[in-house]
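Please open the structure in the viewer and keep the sequence beside it.

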Amino acid sequence: MKITDIRATTVTVPLEAPLRHANGCHWGRFVRTIVEVETDNGIVGLGEMGGGGESAEAVFRAMKSYLVGRDPARLEEMRFLIANPTASLYNNRTQVLAALEFACLDILGQAWGVPVCDILGGRLRDRVPFASYCFFRYPNPATGEGEVRTIEQVIANARALKQKYGFTTHKVKAGVFPPDFEIEVYRVVAAEFPEDRVRFDPNGVWSVEEAIRFGQGMEGLRNDYLEDPTYGLNGMRRARSMLRVPLATNTVVVNFEQLAANALDPAVDVILLDTTFWGGIRACVKAAGVCETFQLGVAVHSSGELGIQLATMLHLGAVIPNLSFAADAHYHHLTGDIIAGGPLRYQEGAIAVPTGPGLGVKLDYDKLAEYRDLYHRLGGYAYDQDPLRPGWTPLIPNDRWADPADGRVPKIPS
């Protein structure tokens, strides 16, 4: 087979409500770039990358001069062709490489008649468990519903997620409000579900001292881990020395140099592998092998996926033996998807690993066109800004918290 064409389409898919986080907000939608790689025998492989627009589409068009006429099975050669570690100091193509790798693995699976997980070593599990992802949220701009700001709203939302999807692990996404308010929220969530596991993620915005104070306050709960309480390997190492709660990260161990540094002088106990951040599924499998050697925990990170990237997360989760924890996903916050048959379904808190050839998902071209047109109408949004806090700049460490008593509703285009 030879690659004959690469196409990229930017889409925006609505969320149930705007998701607030430590650095800003997802303004009621996710923006993603969908990639199609076509071969000379008519197979089309699918990839996905976060963000998008004209610049992202132009990057993938530029990849034609690199890849057209090449064999999609030569993935290691493609890795150096697209993301040579020295050249990448100038072009930062890791996420582009990941989307293209997804598509090429999809092509190979279709050509060979096997799911991607079989190419990666064969499945160890047929279903991947997921955690609820409990965000603070603004109300839906169209309906006025879905706000999560008060402790009562947090608990009501967590109950609804558990009832609808069957989650038995609950992740509180925070770093929005003052830490004392958020520790109260976390304790109430843990008390509400005493048989379930809990985890907490403030996105690295606390000082080391605040991370230690908060971490000591959550000892004794059924914690999976405390994720990114502060930023940087040395900060995490200092916090870890004072805590009896495992620390996790998806921000300060995102490549093999950092993984080696963490193995030699541990700062983090659990590595959250992201198929985009690490440059593909294969890189995550390799990193999981390193973690297995050093007995580090592994989980699967979510960076705001649609169905194509979710499929890569499922195939990753299927093949790594040391998947120690339920995976993360934003997926249940979406109101739709671009894959045929609609969104992949949760059952008892887990999603089945696709069994069809390749990634096991196909594009719904009507939905692709609908969400492409929605992107053209709404455009992008500033992920690192809060719509109710114009001029606000999130610091690290942060001391500029939102007010949990502020019930104003932002005006967000929809």
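Two strands pair if DSSP finds at least two bridges between them; strands (E, at least two residues) and helices (H or I, at least four) are DSSP runs, numbered from the N terminus. This is a predicted model, in which local features need pLDDT of at least 70 and side-chain atom pairs count only at pLDDT 80 or more, while totals for chains, interfaces and linings use all residues. Residues are numbered from 1 along each chain as its sequence is written, and side-chain values use heavy atoms, with hydrogens and water left out.

**First stop: an open sheet**

Select strands E6, E16 and E15. These 3 strands form an open sheet in that order, with antiparallel pairing. Strand E6 (127-129) and strand E15 (346-347) stand at the edges with a single partner strand each, so one side of each has no neighbour in the sheet. Next, display E6 with strand E16 (residues 350-352): 3 bridges join the two antiparallel strands. Arg127 is found opposite Ala352 in E16.

**Second stop: Lys171**

Move to strand E9 (residues 169-173), where Lys171 lies. Is Lys171 buried or exposed? Lys171 counts as buried because its relative accessibility is 0%; buried means under 20% relative accessible area, exposed over 50%, and partly exposed in between (1.4 Å probe, protein chains only).

Now show the side chains of Lys171 and Asp328, which are joined by a polar contact of 2.7 Å. A polar contact is a pair of N or O atoms within 3.5 Å; within protein, one must be able to donate a hydrogen and the other to accept it, and residues adjacent in sequence count only if both atoms are side-chain atoms. Leaving aside neighbours within four places in sequence, the residues in contact (heavy atoms within 4.5 Å) with Lys171 include Tyr133, Arg199, Asp201 and Glu227.

A pocket is an open set of points on a 1 Å grid over the protein atoms alone, where a 1.4 Å probe fits, with protein on both sides within 12 Å along at least five of seven lines; lining residues have an atom within 4 Å of a point. The largest pocket holds about 820 Å³ of space, a volume being the space filled by probe spheres set on the points, which are joined across faces, edges and corners. Select Ala83, Thr94, Leu97, Asn255 and Trp278, the closest to its centre of the 26 lining residues. Then colour helix H3 (75-83); H3 gives the most to this lining, with 6 residues.
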